[in-house]
Amino acid sequence: QLQLVESGGGLVQPGGSLRLSCAASGFTLDYYAIGWFRQAPGKEREGVSCISSSGGSTNYADSMKGRFTISRDNAKNTVYLQMNSLKPEDTAIYYCAAVVRITTVQAMCPKAPLYDYWGQGTQVTVSS
């Protein structure tokens, strides 16, 4: 069964950090670009960050630049999202998604409808 599984979410105080993981099973991520999205209650899903299949290019939403870092370890078939300086407005369910045949994301991240596989999400809550 082909699936993505997110982990690493939880409750953290403002200013704290979390590292999310997106692990693939049933297929290799080597040829897939990965995107992170999030959806807060009552809000639309928004793109957070993305990374090309090789890891050679990354991109971030403006509000995440300088705070979030996306990376990947293809040997572990896993993509990470390091989130620092977290704010209450970062509270959301975070999803990872995989799209094949995207070799660069330097200009922009692929839009959500383009992704082939999605995870079930992991809850991130930033609160004191």
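Predicted model: local features only at pLDDT ≥ 70, side-chain atom pairs only at ≥ 80, totals over all residues.
1. What is the place of W36? This tryptophan belongs to strand β4, which spans residues 32–39, and W36 counts as buried because its relative accessibility is 0%, where the cut-off for buried is under 20%. Although W36 and G47 are 11 residues apart along the chain, their C-alpha atoms are separated by 6.3 Å.

2. The aromatic side chains deserve a careful look, as a search of the whole structure finds 6 aromatic pairs. One of them joins F27 and Y32, whose ring centres lie 5.2 Å apart and whose planes meet at 70 degrees, so this pair is edge-to-face. F27 counts as buried, with a relative accessibility of 13%, and for Y32 the value is 13%, so Y32 counts as buried too. Together with Y117, the residues F27 and Y32 form one aromatic cluster. A contact of another kind is found at F37, where R45 lies over the face of the ring, at 5.9 Å from its centre.

3. Side chains of opposite charge can pair when their charged atoms come close. How many salt bridges does a search of the whole structure find? The search gives 4, and among the residues involved, R38, E46, R67 and D90 are linked in a network.

4. E46 is partly exposed, because its relative accessibility is 33%, whereas R38 is buried, with a relative accessible area of 6%. R38 also meets D90 in a salt bridge, with 2.9 Å from N to O. Since R38 lies in strand β4 and D90 in the loop between β8 and β9, this pair ties together parts that are 52 residues apart in sequence.

5. D90 has a further partner in R67, and the side chains of these two residues meet in a salt bridge with 2.7 Å from N to O. This pair likewise links distant parts of the chain, for R67 is in the loop between β6 (58–60) and β7 while D90 is in the loop between β8 and β9, 23 residues away. Both R67 and D90 are buried.

6. N77 has a positive phi of about 55 degrees although it is not a glycine; the residue lies in the loop between β7 (68–73) and β8, and N77 is buried, with a relative accessible area of 15%. S85, which is not a glycine either, has a positive phi of about 50 degrees. The place of S85 is in the loop between β8 and β9 (92–100), and S85 is partly exposed, with a relative accessible area of 42%.

Conventions: Residues numbered from 1 in each chain as written. Heavy atoms only, no water. Helix = DSSP H or I, 4+ residues; strand = E, 2+ residues; numbered from the N terminus. Buried < 20%, exposed > 50% of the residue type's maximum accessible area, 1.4 Å probe, protein only. Phe/Tyr/Trp six-rings, centres within 6.5 Å; stacked < 30°, edge-to-face > 60°. Lys NZ or Arg CZ within 6 Å of the ring centre and 35° of its normal.
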